[in-house]
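This briefing is meant to be read beside the sequence and the model. It takes the sheet, the helices and the charged pairs in turn.

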Amino acid sequence: MIITRAKLKDLDRLVNLFDGYRVFYKQDSNPAGAKRFLSQRILEEDSIIYIAYIDEEAVGFTQLYPLFSSVSMTSMYLLNDLYVDAKHRGKGIGEALINRAKQLCQSEHNKGLAIQTAFDNPAQHLYERLGFVKDTDLHLFWSRV
C-alpha cells in the first residue's frame with residue numbers, strides 16, 4: 001500500500017471514493033459536485049487529503065482540516081473524512097491513513113488530531129484502538145446560517 005498526498009492528477013480516482021463516502025453518510029451521489037469540491041480543496045490548499053493506493057487502485061482516503069487552539073496557541077488538525085472502499089475494508093487501510101495523519105501532526109509539532117464522526121459510526125472502535133479518547137468535556141453546537 002502507498003499513501004500519498006492527493007494532487008490534481010489523483011482527482012478522478014479520489015472523486016469515486018469521496019462520492020462513496022458521502023453516500024455512506026446518506027447524501028445523494030454527486031460526482032460532479034464532489035470533483036468541484038475536491039479540486040477547490042487541492043488548489044486552494046485549505047485541506048490535506050491523503051489517498052491510499054494498492055496496486056495503483058485508489059482504495060481509501062482521509063481529509064484533514066487545519067484548526068487552531070487559542071488556549072494552547074498551537075495548531076491541530078480535524079480528521080473530518082475517512083473512507084475505505086467496502087471491498088478493501090479489514091486490511092488496515094483506515095489505520096494506515098490515520099497513522100499518516102498522526103505523523104503529519106507530529107512532524108508539524110501540532111497539539112493533536114481531532115476526529116469528528118457520527119455517533120453510530122462503527123469506526124469508533126478503530127479510533128479508540130489507535131489511542132483516541134471521546135471528549136466528554138466538550139460539546140459541539142451547530143447552527144445553520
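The points below describe a predicted model, grouped by topic.

The model holds an open sheet of 5 strands with mixed pairing, in the order E1-E2-E3-E4-E5. Helices H1 and H2 pack at an angle of about 120°, and H1 lies across E2, E3 and E4. Helix H3 lies across E1, E2, E3, E4 and E5.

**Sheet layout**

- Strand E1 (2-5) and strand E5 (113-115) are the edge strands; each has a single partner strand, so one side of each lacks a neighbour in the sheet.
- From one strand to the next, the twist averages 30°.
- In general, strands of a sheet pair through backbone hydrogen bonds, in either the parallel or the antiparallel sense.

**Strand pairs and turns**

- Strand E2 (residues 48-54) is antiparallel to strand E3 (residues 57-69), and 7 bridges are found between them.
- Within this pair, Ile51 faces Phe61 of E3.
- The hairpin of E2 and E3 leaves 2 residues between the strands, and Asp55 there has a positive phi near 50°.
- E3 also pairs with strand E4 (residues 74-84), in the antiparallel sense and over 10 bridges.
- Pro66 is placed opposite Tyr77 in E4.
- The hairpin of E3 and E4 has 4 residues between the strands, with a positive phi of about 55° at Met73 in the turn.
- E4 and E5 run parallel and are joined by 3 bridges.
- Tyr77 has Leu113 as its bridge partner in E5, while Pro66 stands opposite Tyr77 as well.

**Helix packing**

- Two packed helices are described by the angle between their axes and the distance between the axes.
- For helix H1 (residues 11-24) and helix H2 (residues 31-44), the angle is about 120° and the axes are 9 Å apart.
- H1 and H2 are therefore oblique to each other.
- The crossing of H1 past H2 is right-handed.
- On the H1 side the contact is made by Leu11, Asp12, Leu14, Val15, Phe18 and Asp19; on the H2 side it is made by Pro31, Ala34, Lys35, Phe37, Leu38, Ser39 and Ile42.
- Sorted by class, the residues of this contact are 9 nonpolar, 1 polar and 3 charged.

**Helices against the sheet**

- H1, which lies across E2, E3 and E4, runs at about 70° to E3.
- Helix H3 (residues 93-107) lies across E1, E2, E3, E4 and E5 and makes an angle of about 165° with E4.

**Salt bridges**

- Side chains of opposite charge can pair when their charged atoms come close.
- With a nitrogen-to-oxygen limit of 4 Å, the count is 6 salt bridges.
- One of them joins the side chains of Asp12 and Lys35, at 3.0 Å from N to O.
- Asp12 belongs to helix H1 and Lys35 to helix H2, so this pair ties together parts 23 residues apart in sequence.
- Asp12 and Lys35 are also among the residues that make the contact of H1 with H2.

Note on methods: Residues numbered from 1 in each chain as written. Predicted model: local features only at pLDDT ≥ 70, side-chain atom pairs only at ≥ 80, totals over all residues. Heavy atoms only, no water. Pairing = 2+ DSSP bridges. Axes fitted to C-alpha atoms, helices over the stretch in contact; angles between N-to-C directions. Parallel < 35°, antiparallel > 145°, perpendicular 65-115°, else oblique. Left-handed = near helix turned anticlockwise from the far one by under 90°. Contact = heavy atoms within 4.5 Å. Nonpolar A, V, L, I, M, F, W, Y, C, P; charged D, E, K, R; others polar.
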